[in-house]
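Subject: Structure handover

Hello,

Please find the structure below. My notes on it follow, starting with one chain and then moving to the contacts and to single residues.

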Amino acid sequence: MARSVTNQRKTINTIAAWAVGLLIFFPILWTILTSFKTEGQAIADPPVWFFFDWTLENYAVVQERSDYMRYLWNSIIIAGGSTVLGVIIAIPAAWSMAFVPSKRTKDILLWMLSTKMLPAVGVLYPIYLLFIKLGLLDSRFGLVIVLMLINLPIIVWMLYTYFREIPGEILEAARMDGATLKEEILYVLTPMAVPGIASTLLLNVILAWNEAFWTLNLTAANAAPLTAFIASYSSPEGLFYAKLSAASVMAIAPILILGWFSQKQLVRGLTFGAVK
Amino acid sequence: MATQQSRSAARLMMAPAVILLLGWMLVPLTMTLYFSFKTYLPLRGGDLGWAGFENYTRFVSSSSFWPAVQTTLVIVVGVLIITVCLGILLAILLDQPMWGQGIVRILVIAPFFVMPTVSALVWKNMFMDPTNGLLAHLWRFFGAEPVQWLSQASMPSLIMIVSWQWLPFATLILLTAIQSLDSEQLEAAEMDGAPVIKRFWYIILPHLGRAITIVILIQTIFLLAIFAEIFVTTGGAFGTRTLSYLIFQRVLESQNVGLGSAGGVYAIILANIVAAFLMRIVGKNLDA
Amino acid sequence: MNTHVRALMGACALGALATASMGETLTIATVNNGDMIRMQGLTDDFSEKTGHEVEWVTLEENVLRQRVTTDISTKGGAFDIMTIGMYETPIWGANGWLVPLDDLSEEYDVGDILPAMAGGLSHDGTLYAAPFYGESSMIMYRTDLMEKAGLEMPDAPTWDFIREAAAAMTDRDADINGICLRGKAGWGEGGAFITAMSNSFGARWFDMDWNAQFDTQPWKDTLEFFVGMMNESGPAGYATNGFNENLSLFQQGKCGMWIDATVAASFVTNPNESEVADSVGFALAPDNGLGKRSNWLWAWALAIPAGTQKEAAAKEFIEWATSKDYIALVAENEGWANVPPGARTSLYENPNYMEVPFAKMTLDSILTADPNNSTVEPSPYVGVQFAAIPEFAGIATEVSQEFSAVYAGQQTVDEALAKAQDITNEAMEAAGYR
């Protein structure tokens, strides 16, 4: 007899899960609601929930002050570019770790992760000086490189765990058929690893999108992404909850939407090798 | 079996990633080490000569050093405990059959997509503000005196904000792991009349072991470096100054790059102690 | 391409462009204060007149400081113009990091800049940054509540009167706090307020040998008075209140008095933003009869980093943004109450502007602040609410964090002062003063 799920139990689960889900989501929901209020309504006590005059005024004010599309475009290029570049560099490395492991493979992997532990602020001056020398200051290219390097260890690790789950026999069969290494990677391995690569891409786009130290400190006008956009709204004068909310929604909406559409992929793909 | 040829090919393929990361590690590390032995004050003309170990002794003998180390560890451990415990419970809950599972999952993972600056701003202003914040409204509604979150309960508030951001990540990984659990085993245990707690303790938890280590490893890496949350909410006041925030104050607010670099070296040492500790656990668990 | 064409067209149309320079694109870092946001909205006027385009990098104050300081000390060249304050200007000017503004045009009329502002933005007599707006601090109070309390605000009150009036105006049931003041950590926030206040209590940061002075009685008096008064009559959670938090409290009618930047006057009297716009009065910041008042002096100013390729265009922008014409432009578009205040003498000779209720008190406050002579006992530093040495920002931020912990009830005044003393002496030693 299979585990029978009574409707009663399902109802309880549903209520509990929805309650928890809404509680966790609430800060975001409240921000979205507030962004459509006037400044007065935004701080009203008792708070107003859904029945107020919805207004787009805050969005108009924010857009008038800063050209949202430019920041958005920079964010897309920087987050997307660094991730794609990172994956391209990581695939061969992860392949060789997964299929030609040596005694040092695990050490290399852990060493890679440890490079992420360098405190960013401690090296701001060295990196800044380096960027000036290389002429990379306030360039998207420079940020793509830095964010790629920051996320590379995570990318390599994720891909490594996915590749490892691919049975070696398939590769050997391909090799017997005379496939070269390049063909092996391109036509056999990559298609099988597509779900893994996809969730690697997703996670790292999110991480790169939200990175707020380097993106703020290495840019001025040309390459500034949404993290810099939000930095100009953090404490304006006077009442600002509604405008802050509007700016916040604009900064997180694109990645939130991407995340929602790919939710299934993330739930299945974020294993880091945790699932045998 | 790997041949000699494929071994050298493998090395070649690993080369770009390894070389890049080596560069990314060595260049800043060398420069940090170099600066840490210098009296380097940008506002006083930059490089003012060698300082020996003066920066190192000054950084640790400062009255802010040990409290900062402690704060760092409290935040990391606090957030890890909260996210792992709640993450396990949430993962189990989300794995149950229910209506609207997809939507609930979306709601739960949403905070992960919010950039740290935004989440800190929203929490600080719209929730934790003692006058206009929603929590203050709530407290007053029940006739209580609003809590001054960011000054009187600064560490719990900070840990809460950071946990809110990282709970989805923990939940996601743990949920993936739970979904891979052999349901027959669970059913057998249920048929045998094993109570819920026992089933959880002897079947679910051991199965989650690897996933939990991964969550701890990855979150620790990110939590050691949290910055935006502190910068926006308290600016390091009220006992929330972590080691990386202290370095920020030395480098950028006091404009003492030499001293800050020495702090950076200490932070690297601390991170490596934590890492070595973690690697031990993870290393065992990661072996296939 | 596009900008070039547009710029050339603009140039031809005007035909008045003496400098034959091509249209340049200037990158300007600025703070997200209301007057700067307004300036961004008016940039088109500048582009039309000169053919130069402007790219704005608008950041919150703390982020801006961190960003421009990194850039200038490494000679990064990311910005053509930086918005900096009275604290940074003399230090950077002394380092040779800024282009001297000693050749501004005749029409610009440098002599018209208020002497207090020009003095604070100069090093060795050379102007290094042009003030966009200047401020002091003063008391803003609710005339209706003052009347209700049966008191009358003198033009130049004492701290004792303020404390008494604050207690009388406080009405916790009606959510009215007698007085709102900055308690937020940060040298430019609570640190600035308590330092300016301490001047009137006879305290100073350093003695003539750069020894920290937190172990002296005047500092103890300052902090105890502040904490005592705020506990009696201040808002809950004042330990995290800065300028913005207090501004919204005052605008919502939750404060009887507020001692803060004079520029706030235009926000609290603006009926679109403030619920109490028609019942605000002004007075000089309080004193203690020791000869120093507790008002500060500050200016947000525009400066050009040395080494920029676009010096000429940058100067044109500065001349535009800090000119009399710009003030007239804002007055025309937004009314006289909203022009950037505190920078030019001629503004305070303009009868239209003197009709604005807070104009006179702003000028009087600015005139009573003297950065070169701010403390009762002699001190080795320049600056009212800061000491213009490179180390100050870092030290004062940490010290003000200790003070904020007192305001939050986490430590006593004596503990905080002892820590402040250590922090300051430690840092001064590290910097080689002692």
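In chain B, 70% of the contacts between residues at least 6 apart in sequence join residues at least 24 apart; two residues are in contact if their C-beta atoms, placed from the backbone, lie within 7 Å. This is a predicted model, in which local features need pLDDT of at least 70, side-chain atom pairs count only at pLDDT 80 or more, and totals for chains, interfaces and linings use all residues. Residues are numbered from 1 along each chain as its sequence is written, while chains are lettered from A and ligands numbered from 1 in the order in which they are written.

Chain B

The C-alpha trace of chain B spans about 75 × 75 × 30 Å along its principal axes. Its secondary structure comes to 13 helices and 2 strands; helices (H or I, at least four residues) and strands (E, at least two) are DSSP runs, numbered from the N terminus. Of the 288 residues in chain B, 52% are buried. A residue is buried if 20 or more other C-beta atoms lie within 10 Å of its own, exposed if 12 or fewer, and partly exposed in between, with C-beta atoms placed from the backbone.

Strand S1 (residues 38-41) of chain B pairs with strand S2 (residues 46-50) of chain B in the antiparallel sense, over 3 bridges. Pairing requires that DSSP finds at least two bridges between two strands. S1(B) and S2(B) form a hairpin with 4 residues between them, and B:Gly45 in the turn has a positive phi of about 100°. Opposite B:Asp47 in S2(B) stands B:Tyr40. S1(B) is covered on both faces: B:Lys38 and B:Tyr40 are buried on one side, and B:Thr39 and B:Leu41 are buried on the other.

Contacts between chains

Chain B gives 86 residues to its contact with chain A, and chain A gives 83. On the side of chain B that touches chain A, H1(B) gives the most, with 17 residues. The residues of that side of chain B divide into 63 nonpolar, 18 polar and 5 charged. Here Ala, Val, Leu, Ile, Met, Phe, Trp, Tyr, Cys and Pro count as nonpolar, Asp, Glu, Lys and Arg as charged, and the others, Gly among them, as polar.

Helix H6 (residues 124-134) of chain A packs against helix H1 (residues 4-36) of chain B at an angle of about 120°, with the axes 9 Å apart. Axes are lines fitted to C-alpha atoms, for helices over the stretch in contact, and angles run from 0 to 180 degrees between N-to-C directions. The residues that meet are A:Pro126, A:Ile127 and A:Leu130 in H6(A) and B:Val27, B:Pro28, B:Met31 and B:Thr32 in H1(B). By class, this contact of H6(A) with H1(B) has 6 nonpolar residues, 1 polar and no charged.

Chain B also touches chain C, with 26 residues of chain B in contact with 31 residues of chain C. Helix H7 (149-152) and helix H12 (243-253) of chain B are the elements that give two or more residues to the side of chain B that touches chain C. That side of chain B has 10 nonpolar, 13 polar and 3 charged residues.

Domains of chain C

Chain C is divided into domain 1 (24-135 + 298-354) and domain 2 (137-296 + 373-430); the bounds come from an automatic or database domain assignment. The centres of the two domains of chain C, taken over C-alpha atoms, are 28 Å apart. In chain C, 11 residues of domain 1 are in contact with 12 residues of domain 2.

Single residues

A:Val20 is in helix H1 (residues 7-34) of chain A. A:Val20 counts as partly exposed because 18 other C-beta atoms lie within 10 Å. Not counting residues up to four places away in sequence, A:Val20 touches B:Leu90 and B:Leu93.

Most residues other than glycine have a negative phi. A:Asp138 has a positive phi, near 55°, and lies in the loop between H6 and helix H7 (140-164) of chain A. A:Asp138 is buried, with 22 other C-beta atoms within 10 Å. C:Asp175 has a positive phi of about 65° although it is not a glycine. C:Asp175 is in the loop between helix H8 (159-169) and strand S7 (177-180) of chain C, and is partly exposed, with 14 other C-beta atoms within 10 Å.

Regards
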